[in-house]
Amino acid sequence: MSFLDVHAHFAEEGYDIPAEWQKIGAAGVARVILAGDTLAHSRMHRDLSAQYEGMYFTAGVHPSEAAAFDEGTLAGIEELLSSPKCVAVGEVGLDYHWDVPDKRVQQAVFSRQLELAHKYRLPVQIHSRDCFADMFAMLRERRELLSDGFLMHCYSHGAANLDAFAALGGYFSFGGVACFKMPETSGRACAPAPRSASSRRRTAPISPPCAGRRTRPRTFPSSSPASHSCGERRRRRSRRRSCKTQKHSLQSWDKIMDTYVYRIGKNLYVNLTNRCSNRCTFCVRNGKDTFEGYHLWLKDGEPSARQVEEALGSCDCDEVVFCGFGEPTYRLATMLEVCDYVHLLGKKTRLNTNGHGSIINERDIAPELVGKLDGINISLNASNAKLYEKLCRPLYPDMAFDSMLFFAQACRENGLNCWFSVVDCIGEPEVEACRAVAERVGIPLRVRPMIG
Ligand code: SF4
């Protein structure tokens with residue numbers, strides 16, 4: 001068996017490359033891909049790979065280096081992508097483990113590099129740490145840029161979230177922690193990963209399990225599934241754990257596929273979409289794949305009205321609420337169809353919305369809601385546009401706050417039963433400021449406790 005090491009950093013370590021390369025080949029590693037983390041290292045890797053058959057490289061800027069990224073960096077990376085031995089854009093992505101660089105900067109840099117990958121028809125090596133919700137949202141929304149594939153490098157988001165990336169066509173690599181005795185993240189996720197979509201790797205020179213020693217591509221075969229150095233007892237334990245994890249994962253998958261409707265108290269909630277025009281800092285979906293035990297990330301696409309109606313069944317509830325892990329008005333037609341079904345069964349309907357339905361649908365949607373929705377809860381969140389932008393991080397920052405107010409006003413003018421809501425944790429002065437906004441628009445304000 002020969003091995004491919006998909007992710008090694010040679011640039012910064014001062015390897016004796018000729019000697020090392022011989023040992024790598026002797027150890028059965030036929031190919032090594034050197035991963036770029038800065039423009040300078042990507043260039044060094046290009047120059048190195050030009051000298052060795054079987055050595056390739058990726059070009060990209062790591063999220064930790066995003067602050068220094070500028071147009072010159074972009075042009076430099078772009079130039080490298082045309083090199084014959086450049087096989088991917090990477091490693092790029094998001095890393096929220098530390099407070100810097102700013103998340104929005106990281107997202108912008110990641111986005112630019114995804115565009116490059118698409119332009120040059122290259123796959124992407126993705127670094128993703130403590131950022132599941134944003135990473136998943138970005139990959140979903142920019143899916144067209146991933147047509148040449150992507151590898152979740154050093155995957156660490158756990159087994160439950162693995163399906164989310166697999167559904168987008170992702171591949172996975174697992175670091176040395178897969179060999180730890182009690183793997184809490186990668187190891188657990190490793191077991192249920194589709195064989196065709198998984199790889200195990202160490203990041204030379206820094207990754208465990210060779211803690212305190214340099215990890216090299218030539219030591220990679222000894223930690224591979226075929227002959228890894230963990231003892232037989234550990235392998236047996238690992239296999240038992242793998243079976244359990246596999247089962248757990250499949251159960252999770254079923255739930256994820258099926259959670260179009262969920263129950264909280266006496267109400268049924270409908271989860272129509274994961275698209276949203278905001279990235280609220282306080283959103284319950286941030287960093288989570290579940291809410292109240294329900295998997296609300298839609299791994300199998302958005303449901304049709306018929307699928308929702310089937311899930312609602314006889315509507316054994318007080319009220320059907322359109323809510324979920326996304327903004328329901330992205331699915332306006334489907335929502336209105338389901339409203340008719342709910343009304344046929346004599347139950348009430350409510351929409352929980354961020355109020356962007358009219359900009360999302362590019363028309364004033366309020367008249368279409370008449371007779372369909374018995375209540376509309378519009379999240380006000382803040383008393384002014386500046387604060388709103390900071391808290392909600394809208395996709396349309398210039399118009400998000402005002403368009404939400406216009407929507408509320410239009411609902412009122414169309415005789416719809418609507419109200420603003422804010423959470424109580426924003427503090428009394430801000431609540432009062434929000435109350436004044438609600439009075440100006442002419443609809444009530446409800447103050448509710450924070451959830452999540
Ligand atoms: S508008 Fe709602 S679903 Fe969208 S990010 Fe904000 S809280 Fe989450």
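Student: What is the handedness of the crossing of α9 and α10?

Tutor: In this predicted model, helix α9 covers residues 305-312 and helix α10 covers residues 332-344. Their axes come within 9 Å and cross at roughly 35°. The crossing of these two helices is right-handed.

Student: Which residues of α10 does α9 meet, and how many residues of the contact are nonpolar?

Tutor: From α9, the contact involves Ala305, Val308 and Glu309. These meet Thr334, Glu337, Val338 and Tyr341 in α10. By class, the contact has 2 charged residues and 1 polar residue, and the number of nonpolar residues is 4.

Student: Which strands does helix α9 lie across?

Tutor: Helix α9 has a sheet as well as a helix to be described against. It runs at about 35° to β9. The strands that α9 lies across are β9, β10 and β13.

Student: What is the strand order of the open sheet of 7 strands, and which are its edge strands?

Tutor: The sheet has mixed pairing and the order β9-β10-β13-β14-β15-β16-β17. Two of these strands pair on one side only. Neighbouring strands are turned by 30° against each other on average, direction ignored. The edge strands are β9 (261-264) and β17 (445-448).

Student: In which sense do β10 and β13 pair, and which residue is the bridge partner of Val270?

Tutor: Strand β10 spans residues 267-270, and strand β13 spans residues 319-322. The two pair in the parallel sense over 4 bridges. In β13, the bridge partner of Val270 is Phe322.

Student: Is strand β3 mostly covered or uncovered, and which of its residues lie on each side?

Tutor: Strand β3, residues 55-59, is mostly covered, with 5 of its 5 residues buried. Both faces are covered. One side carries Met55, Phe57 and Ala59, and the other carries Tyr56 and Thr58.

Student: Why does Gly357 count as buried?

Tutor: The place of Gly357 is in helix α11, residues 357-361. A residue is buried if 20 or more other C-beta atoms lie within 10 Å of its own. Gly357 is buried because the number of other C-beta atoms within 10 Å is 29.

Student: Which residues are around the ligand, and how many of the shell are charged?

Tutor: The residues around the ligand are Cys276, Asn278, Arg279, Cys280, Cys283, Arg285, Gly326, Glu327, Asn354 and Cys392. By class, this shell has 4 nonpolar and 3 polar residues, and the number of charged residues is 3.

Student: What percentage of the residues of the chain count as buried?

Tutor: The chain has 15 helices and 17 strands. Among contacts with a separation of 6 or more, residues 24 or more positions apart account for 75%. Of the 452 residues of the chain, the share that count as buried is 46%.

Key. Residues numbered from 1 in each chain as written. Predicted model: local features only at pLDDT ≥ 70, side-chain atom pairs only at ≥ 80, totals over all residues. Pairing = 2+ DSSP bridges. Axes fitted to C-alpha atoms, helices over the stretch in contact; angles between N-to-C directions. Contact = placed C-beta atoms within 7 Å. Left-handed = near helix turned anticlockwise from the far one by under 90°. Nonpolar A, V, L, I, M, F, W, Y, C, P; charged D, E, K, R; others polar. Near = placed C-beta within 6 Å. Buried ≥ 20, exposed ≤ 12 C-beta atoms within 10 Å, placed from the backbone.
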